[in-house]
Amino acid sequence: GMIHGFLYSEFRHDGPEFIQAHVEDFLLNLLNLDRPFETNWLSENCRSERENMTKGEVLDCVQRFRSQYDELIPLAFEKNDLVYNEGFMYLMFAIAWEGKVVGANESQRHEGMGIAQVFLENGEWMIQGIQMPDFQFEK
């Protein structure tokens, strides 16, 4: 008979490499105005820096952010550190992006450190919170 080898990660998406992939995908989605925002990796249970938020409240926050710009351009993303604390994983990352505010002639560059709070839900790492230069989950 024939033997097939499979990687664990082909069936289970609970490894730390998926945290970075999901956060990066979320941020690219946030910064792409050419298509509607997709909620693939957004948890139903989110939070801002201070309080719990519903997925709907986060979507309102995302819409407010995106509506401020005529153009958003992702420039760089780099994973910095992954920290486990009290049942949650936190991905620290460096990010740079440019945004052209509605009605402005020039783009503004935003760069610095960001953090994503993620939680393993039904075998997938879901984003519960994001803070980065000039954007965070807030009501």
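Me: How many aromatic pairs does the structure hold?
Reply: The structure holds nine aromatic pairs. Rings of Phe, Tyr and Trp (its six-membered ring) pair if their centres lie within 6.5 Å; planes under 30 degrees apart are stacked, over 60 edge-to-face, the rest tilted. Keep in mind that this is a predicted model, where local features need pLDDT of at least 70, side-chain atom pairs count only at pLDDT 80 or more, and totals for chains, interfaces and linings use all residues. Residues are numbered from 1 along each chain as its sequence is written, and side-chain values use heavy atoms, with hydrogens and water left out.

Me: OK, what sort of pair do F65 and Y69 form?
Reply: A tilted one, at 5.3 Å centre to centre with 55° between the planes.

Me: And Y69 with W97?
Reply: That pair is edge-to-face, 5.7 Å centre to centre and 80° between the planes. Y69 sits in strand β3 (residues 69-85) and W97 in strand β4 (residues 88-101), so the pair ties together parts that are 28 residues apart in sequence. Strands here are DSSP runs of E, at least two residues, numbered from the N terminus.

Me: Is W97 buried or exposed?
Reply: Buried, with a relative accessible area of 0%. The cut-offs are under 20% for buried, over 50% for exposed and partly exposed in between, with a 1.4 Å probe and protein chains only. Y69 is buried too, at 9%, and F65 is buried at 4%.

Me: Which residues form the aromatic cluster?
Reply: F26, F37, F65, Y69, W97, F135 and F137 form one cluster.

Me: Switching topic: where is G103?
Reply: In the loop between β4 and β5 (108-121). G103 is exposed, with a relative accessible area of 72%. G103 and D70 are 33 residues apart in sequence, yet 7.8 Å apart in space, C-alpha to C-alpha.

Me: What about Q128, buried or exposed?
Reply: Q128 is buried, at 6% relative accessible area, and its place is in strand β6 (residues 124-132).

Technical notes
Helices (H or I, at least four residues) and strands (E, at least two) are DSSP runs, numbered from the N terminus.
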